[in-house]
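Biologist: I would like to learn how the words used for a protein model are tied to numbers. Could we go through them together?

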Amino acid sequence: MHATKLVRNEGGWKTVSTQNHFTDPHLEVVTEVVRTPLRAPARAWTTVRRKPAVVIAPMRDDGKFLLVRQERIPIRATVWEMPAGQIDQTIEPNEGDVAQAALREMREETGYELKQGGELIPLGHYFSSPGFTDELGYFFLARPVEPCRGEVADHDDAILECRAFGPSDLSRLIAQNEIRDANTLSICARLVARGFLSLEPRP
């Protein structure tokens with residue numbers, strides 16, 4: 001199972017023991033006994049380990065962002081999201097691996113690719129839900145993008161459509177709770193903080 005170098009024992013953190021409950025190609029469930037820097041007694045914690053992921057904000061020449069509408073079985077709902085996917089590496093990926101994964105996921109899920117001379121801008125990373133999983137997502141802005149010229153591999157059957165949204169549309173969807181997954185909300189916040197997106201306040 002992939003282990004990220006961003007989660008490790010140092011600075012007073014120490015893993016005393018680990019019990020594995022379940023493993024498949026996508027995740028691992030373990031109970032760890034961990035001694036933290038600020039608490040003397042070691043604590044037991046059940047953690048879901050996952051491969052790192054990429055989350056991409058594809059921007060067209062007109063300033064609109066591409067989102068995909070997906071069926072999500074765990075929440076029994078269909079939601080609009082930025083394209084994303086796991087990095088299929090068995091060892092810690094380097095920057096090139098992560099960037100290539102981002103471009104691949106964008107191409108497969110949206111049918112778009114970077115235009116000639118376009119740029120893939122790293123926006124850092126985040127942890128999706130650090131209370132129960134070590135999963136992290138690497139953020140990227142891809143701009144400008146255009147429809148792929150070559151043949152595109154079939155995307156996941158869970159994806160129903162891809163559509164472009166402007167800043168006012170994104171603001172409305174967030175305010176109305178239409179966009180409600182952590183990946184998309186988080187990358188929108190990062191885009192705003194970095195000055196790549198301005199969300200208009202909604203009444």
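Modeller: Let us begin with helix α1, where V98, A99, A101, A102, E105, M106, E109 and T110 are buried. Viewed down the axis of α1, these buried residues fall within an arc of 160°, so they line one face of the helix. The arc is that of the directions from the helix axis to the C-beta atoms.

Biologist: Before we go on, what kind of model is this?

Modeller: This is a predicted model, in which local features need pLDDT of at least 70 and side-chain atom pairs count only at pLDDT 80 or more, while totals for chains, interfaces and linings use all residues. Residues are numbered from 1 along each chain as its sequence is written, and side-chain values use heavy atoms, with hydrogens and water left out.

Biologist: What makes a stretch a helix or a strand?

Modeller: Both are DSSP runs, numbered from the N terminus: a helix is H or I with at least four residues, and a strand is E with at least two.

Biologist: How do you know that the span of α1 agrees with its number of residues?

Modeller: The expected span of a helix is 1.5 Å times one less than its number of residues. For the 16 residues of α1 that gives 22 Å, and the end C-alpha atoms are 22 Å apart, so the two agree. Just after α1 comes G111, with a positive phi of about 80°.

Biologist: What covers the buried residues of α1?

Modeller: The cover includes β4, β5, β7, β8, β9 and β10 (159–165), where contact means heavy atoms within 4.5 Å.

Biologist: Why is E28 called buried?

Modeller: Buried means under 20% relative accessible area, exposed over 50%, and partly exposed in between, with a 1.4 Å probe and protein chains only. E28 has a relative accessible area of 12%, so E28 is buried. This residue lies in strand β2 (residues 27–35).

Biologist: And R76 and N177, are they buried, partly exposed or exposed?

Modeller: R76 has a relative accessible area of 69%, so R76 is exposed. N177 has 47%, so N177 is partly exposed. R76 sits in the loop between β5 and β6, and N177 in the loop between α2 and α3. Phi is positive in R76, near 55°, although this residue is not glycine; for N177, also not a glycine, phi is positive and near 65°.

Biologist: How do you know that the buried residues of α3 line one face?

Modeller: In α3, the buried residues are T184, I187, C188 and L191. Seen down the axis of α3, they fall within an arc of 105°, so they line one face of the helix.

Biologist: What makes a space a pocket?

Modeller: On a 1 Å grid over the protein atoms alone, a pocket is an open set of points with protein on both sides within 12 Å along at least five of seven lines, whereas in a cavity a 1.4 Å probe fits but cannot get out; lining residues have an atom within 4 Å of a point. Here the largest pocket is lined by 37 residues, with R50, R72, E81, E135 and N183 nearest its centre.

Biologist: How does that lining divide into nonpolar, polar and charged residues?

Modeller: The lining has 15 nonpolar, 10 polar and 12 charged residues. Ala, Val, Leu, Ile, Met, Phe, Trp, Tyr, Cys and Pro count as nonpolar, Asp, Glu, Lys and Arg as charged, and the others, Gly among them, as polar.
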